[in-house]
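Thanks for coming. I will go through one structure today, starting with its contacts and ending with a ring pair.

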Amino acid sequence: MLEGNAERSVEATLGHLRTMDGPAPVQAPAAPLNLEDLYKQHRMRLVRLAILLVDEPATAEDVVQEAFTGLHRNWGRLRDAAAAVGYLRTAVVNGSRSVLRRRKTAREYVPPHAVNARSAESLAMLSSEHQAVVNALSKLPPRQREVLVLRYYGGLSEAEISEAAGISKGTVKSTASRALEALQKAMQTPQQ
């Protein structure tokens, strides 16, 4: 029961954000795929994905820029141009993980009372219920947050999440279940 409420809240919030972004761009099958077109069509969606994972717009933009730089370096070795979006998504998830690992290391040298607050602008367009979900989402462990963001914001299937996050489909399912349960508990806990 609790898990169902959390899932509905996450789905509503991240679905709302996905709707605000508009539909995912669809590449015409006859048109040749190039890096400039990918950048124009997918950059902002990837930045928003990264923001949900790392909580800082500037850092998210850096992560996405690095993903596109890596794709540019490896463009000649790409076996299928249609796989470029998947490559970018995976690079953004991996780049976000690296940022979070570096943050964790840096936090060891910073007093624990330092708070990583979201910007007022990032929450201004969300209702209080949606803000509560986003705040609770930021308290989840990185892998749980990744799975929920990729599932409900990215709109990915379990197989696509498995590929992007580098984990098995079973791990995706169990992580999503645990994440929803933890999210429900976090949302019920009064904020200090």
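Among contacts in the protein between residues at least 6 apart in sequence, 71% join residues at least 24 apart. A contact here means heavy atoms within 4.5 Å.

A word on the source. This is a predicted model, in which local features need pLDDT of at least 70 and side-chain atom pairs count only at pLDDT 80 or more, while totals for chains, interfaces and linings use all residues. Residues are numbered from 1 along each chain as its sequence is written, and side-chain values use heavy atoms, with hydrogens and water left out.

Now the secondary structure. The protein has 9 helices and 0 strands, and along the sequence the pattern reads α-α-α-α-α-α-α-α-α. Helices are DSSP runs of H or I with at least four residues, strands are runs of E with at least two, and both are numbered from the N terminus.

Next, the surface. Of the 192 residues, 36% are buried. Buried means under 20% relative accessible area, exposed means over 50%, and partly exposed is in between.

Last, how many aromatic pairs does a search of the whole structure find? The search finds 1. The ring centres of Tyr 39 and Phe 68 are 5.0 Å apart and the planes are at 70°, so the pair is edge-to-face. Tyr 39 sits in helix H2 (residues 35–54) and Phe 68 in helix H3 (residues 57–74), 29 residues apart. For pairing, centres of Phe, Tyr or Trp rings (the six-membered ring for Trp) must lie within 6.5 Å; planes under 30 degrees apart are stacked, over 60 edge-to-face, and the rest tilted. Tyr 39 is partly exposed at 32% relative accessibility, whereas Phe 68 is buried at 5%.

Methods: Buried means under 20% relative accessible area, exposed over 50%, partly exposed in between (1.4 Å probe, protein chains only).
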